[in-house]
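Here are my notes on the sheet region. Please read them with the model open.

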Amino acid sequence: MRALTWHGKHDVRVDSVDDPEIINPRDAIIKVTSTAICGSDLHLYDAYIPTLQKGDILGHEFMGEVVEVGSRSTLKKGQRVVVPFTISCGSCYFCSKHQYSCCDNSNPADNQDISELAYGNRMAGLFGYSHMTGGYAGGQAEYVRVPYSDVGPIVIPDGVSDEKVLFLSDILPTGWMAAENADIEPGDTVAVWGCGPVGLFSVQSAFLMGAKRVIAIDHYPHRLELAAKFGAETINFNDIKVYDALMEMTGGIGPDAVIDSVGLEAHGLFVDNVIDQLKVSTFLGTDRIHALRQVILACRKGGRVSVPAVYGGFVDKFPMGAFMEKGLTMKTGQTHVQHYTPALLNAIMEDKIDTTFLISHTLPLENAPEGYKLFHDHQNTTTKIVLKPGLDKQTVEMPA
C-alpha cells in the first residue's frame, strides 16, 4: 500500500509499504477514505517529538471502510467508521471511568522509558505519533490496522459525507472537551488563545455551552475572520497587547474562563531559538509557555483555565504565584474521544455543529509532503488539509 512516512525533520515521503494484517482478534483493518493533517503532526514534522523512527507512518485523524475484522471485533465489513486518535482497551481502570486517553493497556510497556521518565506514568497508545505512544502505524495511508476495534470506532450513517464527520477523530472532541474543561456557565466571557482548528472548535463549543462572549486571540487574519463568523470578538496580538485589551474588554476583571490551544511549539505565534527546541525535544529543557503565562495572568480571580494544547516536557517560569493567589483551577489532558463521539455525531446530524468550514484544501495522499509544507509554512490561509488515498497526484502551487 501507499503511506506517508517520516524520514527526518521536514522530510516526509509517500512510500510503498507492507499492508497491515490482523494480529489480534479485536483488530480491524480500515480502508482509509479520508485522513487529515493535524496541527500536532507539525510537531513530528519539526522533529520535536522523541522516539520517531525512519519509515514510521504518520497520521491520527482518519476514517474509512471496514474491510477485514478479527473474531472479537464488533465491526462488520462494509461499515463506514471514524477512528479516535486515542487507542483504548475499554476495560482498564481508566477506561471504566470513560477516561479513555489514560488507558493503561493500549501502549506496549517496552516503549515507556521516556514517557515514564517525563510524565511519571504510562501513556495511552496513539496512532502515528512515535514509539513513545506505542509505535502504531498511522492513518495517512491506504489501510490501517485498528486495535481494540470493539471500543474506539464510531459507525457513520449512510449518506453522510466524510467531510462532515472526519474531525470526530480528534479536533472536534478536543475543542469540545476544552470548552467543557473550562466549566462554562451561562453568561460567561471566555478567551481562547490560538485560532487553529482546536481553537476554532473551542470557540464554537463555548457558545453552544452558554458563553455570552468569546474572545479569540491570534495573529493570522483569516483565522480571526473564521472565529468572528461564529460571533467571537477578536484580538490580533500583533496590533495590541493581549492583557491590556482583555482588561479593557472586561472592565478590568478578566475573562471568566480561558483556553490555551497554542501549546509547546506555537508555529508562527512565538519564536524562540533552536537550542530551546533541541532541549524540549530531548526533555532536557522546557516547553515554551508564552501563551500559558498570558492565559493565567489574564484570567479573572477565581476563574478557570483549560489547556487542550500539547505540551511535551517541562515548563519554566510558570506563574505559580499568580495561579495560587488568584485561586484558579486548571483542567487539561489528551481528549477522551470515545466519550464524546456519540453526542457530537448527533449534533452534526442535527446541524448544530459546523465542521466543513475548516477544510481549506483537499489533496491526494500522494501530495501529502506538499500538504505538510503548505500547512507548516502558510497557516493564515491553510486551516485544514484533508488527504484522499487513491487519487492521482496533482501539482500543488505554494502561495508566495
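1. Terms first. Two strands pair if DSSP finds at least two bridges between them. Strands (E, at least two residues) and helices (H or I, at least four residues) are DSSP runs, numbered from the N terminus.

2. Provenance. This is a predicted model, where local features need pLDDT of at least 70, side-chain atom pairs count only at pLDDT 80 or more, and totals for chains, interfaces and linings use all residues. Residues are numbered from 1 along each chain as its sequence is written, and side-chain values use heavy atoms, with hydrogens and water left out.

3. Overall layout. Six strands make an open, parallel sheet in the order β13-β12-β11-β14-β16-β18. Its edges are β13 (233–236) and β18 (329–332), each pairing on one side only. From one strand to the next, the twist averages 20°. Axes are lines fitted to C-alpha atoms, for helices over the stretch in contact; angles run from 0 to 180 degrees between N-to-C directions.

4. Strand β11 (residues 189–193). Five bridges link β11 in parallel to β12 (residues 213–218). There, A191 has I215 as its bridge partner. On β14, β11 pairs in the parallel sense over four bridges, and V190 stands opposite A257.

5. Strand β14 (residues 257–260). Three bridges join β14 in parallel to β16 (residues 304–307). A257 has R304 as its bridge partner in β16.

6. Helix α6 (residues 197–208). Helix α6 lies across β11, β12 and β14. Its direction is about 170° to β12.

Definitions and conventions: Contact = heavy atoms within 4.5 Å.
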